[in-house]
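Good morning. Please have a look at the model on the screen, and then I will go through a few of its parts.

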Amino acid sequence: MKIKAKLLLGIGLLFAMIALLTALSSIFINKLSGDTKNILVANYNTLDYSRKMLIALNADISKPDQSKLFEENLIKQQNNITEVGEKDLTDKLAIDFAKLKQAPTDSLILKAIHEDVTDIMLLNMQAIQRKSKVAETTSDTSILWISLTGTICFLIALTVLFNLPGNIANPVKELTKSIKEIAAQNYSQRVHFEKHNEFGELSTAFNTMAEKLEEYKASNLEKLMMEKKRIETLINNMSEPVIGLDEKKQVLFMNNIALKIAGLKLEQVIATPVQDIAVQNDLIRTLVQELFNSDNLQSSAKQQPIKIYADNKESYFEKEIIPIKIVPTGEQEEKQIGTVIILQNITPYKELDFAKTNFIATVSHELKTPIASIKMSLQLLENKQVGVLNTEQLSLIESIKEDAGRLLKITGELLNMTQVESGTVQMNMMASDANEIVEYAVNANKAAAEQKQIKLNTNAPDHLPKVFADSEKTSWVLTNLLSNAIRYSYENSVIYINVNTENDAIQFSVTDTGQGISPQYVDKIFDRYFRIPGTKKEGTGLGLSISKEFIEAQGGNIDVKSELGSGSTFGFTLKQYVASNA
């Protein structure tokens, strides 16, 4: 129990006992007062009236003044009837007094009146005796209950008096003793209090302090300095640039290669806030901007390599920001104590990637010419003026034509991908007609659809607003999506091409009724060279990846919704054309 709660409970209990004794005393005193008042008001007054009537009777009631005194007290008695039978006696007295007025000297009437008054007095004296016993009983009961309650309250107060100060003083005494031990450098001292009160929290904080002091005492400063030198030497001999920051983003260390590529000196950066360095150094600003702007934080997979001019050539580096977090001794919560920025030199890999891209581009470009020649030769062979071919020859020509078309599509995709990788894609953004884009894609795939007897169902409003896009590349994307839909749809099925407006954008979608995509592959469908396991090995696996690059380069987005066994819907969204786009 909390100390505050104990104090409130102890003081509250004492207050409650005082209130209980006060209430009991008030109740019994009021009851005793009521019994006493009842005797005084009801019976004492009657005795007084009777006494005065006897005085008047004995002093010659025939006299006018004595008769008047008797009559006045008789009237008062008639208004103060409180006991059983008292009314009958009073009424009899009034009747006898009336007779006495008619015969003032009648001794029998005087005797009867005297007896009436005596009877009234006797009745009230008996009542007084009876009520006195009741008051005495009330008094005894009051003494009993007040004594019993007072005894219980005394015992409780005594218990509180002996226990409450000890509950507060003993932990303070133990803590004082432990503090003296710590002052004497005995850091192994610990205190153990109840965990559910303030002293428990105090003991936890005290033990944490003692543990940290013990850890500090046990450490060897010389050993720590040696380890520091070893770590600094290791960092300076790393072949990759490394920058270390503390929790306040001040520079702790920066190895030699990092200083070299940044054009800085060690004395300029150590213990300096990195934001002050970033103001004057573009490279440092590029490296640390994510630390100060959470909106720019990106996953390492999406970060573009950083191009730096170093060693008289352009070099490429991948940046990795590593937060340094620890759980301090004696604590439970993890705390960030700094950040390390590491740059990995990927220049050799980038050079190989450039070589690969150039090779693919050269080969693809060189292949287009002989493939075009093959297709032209096929067209000449199909011309009957050159000569009539038999059925088998025509079948061979058709097969060669399909293979040539497939090779031409592959080389086209490879050339597109080399443009994307090299960053040489040129977008010709202008106001384009969405219906024309759809019509081009449908016409390009009409023959393939007819071969599988697939119906292409187009749903587009007549008065669509213009779309701000590169119509050639957008048509290529829609053609590719429609070609994939035909390839993976069953014969005699329907493919839906929908175009509609959504806020300030135009949305294109292609929905097929094929086998759909398994959930585990949906997120990978736009990756380069990815093919769903078990599908036909056609194409390069670059179509969807190139489509994504083309759409995103135009400021749009592309996505897929698919359920295995129920077909797929590929869609992309581009902005509407407005005058400000131009």
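The protein has 16 helices and twelve strands; helices (H or I, at least four residues) and strands (E, at least two) are DSSP runs, numbered from the N terminus. This is a predicted model, where local features need pLDDT of at least 70, side-chain atom pairs count only at pLDDT 80 or more, and totals for chains, interfaces and linings use all residues. Residues are numbered from 1 along each chain as its sequence is written, and side-chain values use heavy atoms, with hydrogens and water left out.

Five strands make an open, mixed sheet in the order S7-S9-S10-S12-S11; two strands pair if DSSP finds at least two bridges between them. Strands S7 (455-459) and S11 (557-562) are at the edges with a single partner strand each, so one side of each has no neighbour in the sheet. Inside the sheet, S10 (505-511) and S12 (568-575) pair in the antiparallel sense over seven bridges. There, Ile-506 stands opposite Leu-574 in S12.

Which helix lies across S7, S9 and S10? That is H13, running at about 175° to S7. Angles run from 0 to 180 degrees between N-to-C directions, with axes fitted to C-alpha atoms, for helices over the stretch in contact. Contact means heavy atoms within 4.5 Å.

H13 (434-451) also packs with H14 (471-488), at an angle of about 35° and with the axes 8 Å apart. Among the residues that meet are Ile-437 and Tyr-440 in H13, and Leu-478 and Leu-482 in H14.
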